[in-house]
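Hi,

Here is the structure I promised to pass on. Have a look at it first, and my notes on what turned up follow below.

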Amino acid sequence: MKKRDFIFIGTLLAVALIILAILAFTQEDGAYVIVRVDGKETARYNLLKDGEYILNNGTNILKIENGEAWMINANCPQISGKKCTAQGKISKERQTITCLPNKLTVTVHGKDSDVDIIVD
Amino acid sequence: MKKATIIISVFCIICLLFSFGGCEIKSMPHEKTLSNYFDTVSTIYSYAGDTEAKFSENCREIETILANYHKLFDIYKEYDGINNLCTVNKNAGCEWTAVDRELIDFLLYAKGLYYTTKGEMNIMMGSVLSLWHTARENNALPDEASLVTASEFTSIDLLEIDEENNRVRIAHPEASVDVGAVGKGYATEKAAQYLKNKGINAYVLDIGGNIRIVGNKPDGSGWITGIKDPHDTSKFAEKLIVANTSCVTSGDYERYVEKDGVRYHHIIDKDTLYPAAHFSSVTVICEDSGLADALSTALFCMSLDEGQALIDSLGKVEAIWVTKSGEKHATDGIDEMRAE
């Protein structure tokens, strides 16, 4: 093989690796929560970054600390079952806090999980 | 080396690289969340590897089916242009209500399940259930005397179904229909049948926690399914590998009112008129979602022996019971489903 051929192969491989690297980095890295209102995604927050977030124009407030997320405030009326602020902390894949009156859900994604689906 | 050989080998290397990197991207299922049906949140998943467009189209069809049954089964609200169960309840003790054939079919189905479950799943428990519903809304407990009075109007025979003329009638003004124990499952199964009829595989319907898996994953494998531990809902009581089936859990941790430190959940035992106290959760696994939904409620209100006898008589149904002290009981078929 000539030197030209090596350069040719090398370039093709380099391009492939670059494309792959771009694809890998645009994938969500690490755990995060997806906030959905009426079925549509409205926000995402990194579970590894502490913070308090105002959701859905102020109807709910989410806190993230130490890799866990929970609802610290909500304007929803207390109905049957657990109010979203009493549903506890979520940190595992697919775990969800649901605020039904506001049609709002907060779900953990991006984590390795040992289950595909959860029966509830 | 010839140019062609070089190009082909480089092409193969690139394909290999992409297949390793790409498989991470491809294995994520499509998902769509819905919030408007059956007073709960639902999610549709596709593991079929279909396009975004095809998935959206299927979701639209599924949503149409769920919306239709949501309206038909709604006992709190009427909708323009249709007579639903709210209408039927309003006419209790008075006239017949003309309804769509779909509603007749459902009521006949539910009536059949009354007999199958020896009366434990009874859509005519409305008079008792509405007292509990009001109680939960007001964070109070219902009056015991009222419960007893209401229980006099729960006979399944009070539901008169005129198949020939597509009309129904509740024979006593105090009686009412409440299909919470089976309606969601029935609608879920209708959506699943739509997918099956179109030859669609590898979809999972999570309708407010009721799981209906249609088919297998493209590689033939099943889904690792976690059943929540009712005593610590961040953990699983069981992890099973299942496909082409429904999984429905009835538990005491979902909807309730708490008074003086005591929790009163939403599954009412017809014998006590109070929340059933046999178990913390019962999970039913069988293909039909309507059956799974009805059975999970019925078994929750029966002793373990009675429940096991009922399952034995039906066949092709598996179940897991978790008692209040955390003991687990399961039918024989569960063993081979376990993930570990």
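What share of the contacts in chain B with a separation of 6 or more comes from residues 24 or more positions apart? The figure is 61%. Keep in mind as you read that this is a predicted model, so everything here is computed from it.

The chain has 340 residues, and 52% of them count as buried. The accessible surface is about 15300 Å², with 50% of that belonging to carbon and sulfur atoms.

Now the charged pairs. Over all chains there are 23 salt bridges. One of them is in chain A, where E52(A) and K63(A) meet with 3.4 Å from N to O. E52(A) is in strand β3 (residues 51-55) and K63(A) is in strand β4 (residues 60-65), so this bridge ties together parts that are 11 residues apart in sequence.

In chain B, have a look at E238(B), which sits in strand β9 (residues 232-242). E238(B) has two salt-bridge partners to look at. With K328(B), the closest N and O atoms are 3.4 Å apart. That pair links distant parts of the chain, as K328(B) belongs to strand β15 (residues 328-330), 90 residues away from E238(B). With R338(B), the closest N and O atoms are 2.7 Å apart. Here too the link is between distant parts: R338(B) is in the segment after β15, and the two residues are 100 residues apart.

Is E238(B) buried or exposed? It is buried, because its relative accessible area is 5%, and the cut-off for buried is under 20%. Its two partners come out as partly exposed: K328(B) has a relative accessible area of 43%, and R338(B) has 31%. Elsewhere in chain B, salt bridges join E189(B), K196(B), R212(B) and E287(B) into a network.

On to the rings. The count of aromatic pairs over all chains is 12. One of these is Y45(A) with Y53(A), a stacked pair with 4.0 Å centre to centre and 20 degrees between the planes. Both Y45(A) and Y53(A) are buried. In chain B, five residues form one aromatic cluster: Y69(B), F73(B), F106(B), Y109(B) and Y186(B). Two arginines of chain B also lie over ring faces. R167(B) is over W96(B), 4.3 Å from the ring centre, and R263(B) is over Y256(B), 4.2 Å from the ring centre.

C76(A) is buried, at 6% relative accessible area. C86(B) is in no disulfide either, with the nearest cysteine sulfur, that of C94(B), 14 Å away. C86(B) also counts as buried, at 8% relative accessibility.

Last, some backbone points in chain B. Most residues other than glycine have a negative phi. Which loop holds D39(B)? D39(B) is in the one between β1 (30-37) and β2 (40-46). Its phi is positive, near 55 degrees, and D39(B) is partly exposed at 47% relative accessible area. D260(B) also has a positive phi, near 50 degrees. D260(B) lies in the loop between β11 (256-259) and β12 (262-265), and it counts as exposed at 79% relative accessibility.

Q193(B) is partly exposed, with a relative accessible area of 31%. Its C-alpha atom is separated by 19 Å from that of L113(B), a residue 80 positions away along the chain.

Cheers

How values were computed. Residues are numbered from 1 along each chain as its sequence is written. Chains are lettered from A and ligands numbered from 1 in the order in which they are written. This is a predicted model: local features need pLDDT of at least 70, side-chain atom pairs count only at pLDDT 80 or more; totals for chains, interfaces and linings use all residues. Side-chain values use heavy atoms; hydrogens and water are left out. Rings of Phe, Tyr and Trp (its six-membered ring) pair if their centres lie within 6.5 Å; planes under 30 degrees apart count as stacked, over 60 as edge-to-face and the rest as tilted. Buried means under 20% relative accessible area, exposed over 50%, partly exposed in between (1.4 Å probe, protein chains only). A charge sits over a ring if NZ of Lys or CZ of Arg is within 6 Å of the ring centre and within 35 degrees of the ring normal. A disulfide is a pair of cysteine sulfur atoms within 2.5 Å. Contact means heavy atoms within 4.5 Å. Accessible areas come from the Shrake-Rupley method with a 1.4 Å probe; for residues, only the protein chains shown count as cover. A salt bridge is a side-chain nitrogen of Lys or Arg within 4 Å of a carboxyl oxygen of Asp or Glu. Helices (H or I, at least four residues) and strands (E, at least two) are DSSP runs, numbered from the N terminus.
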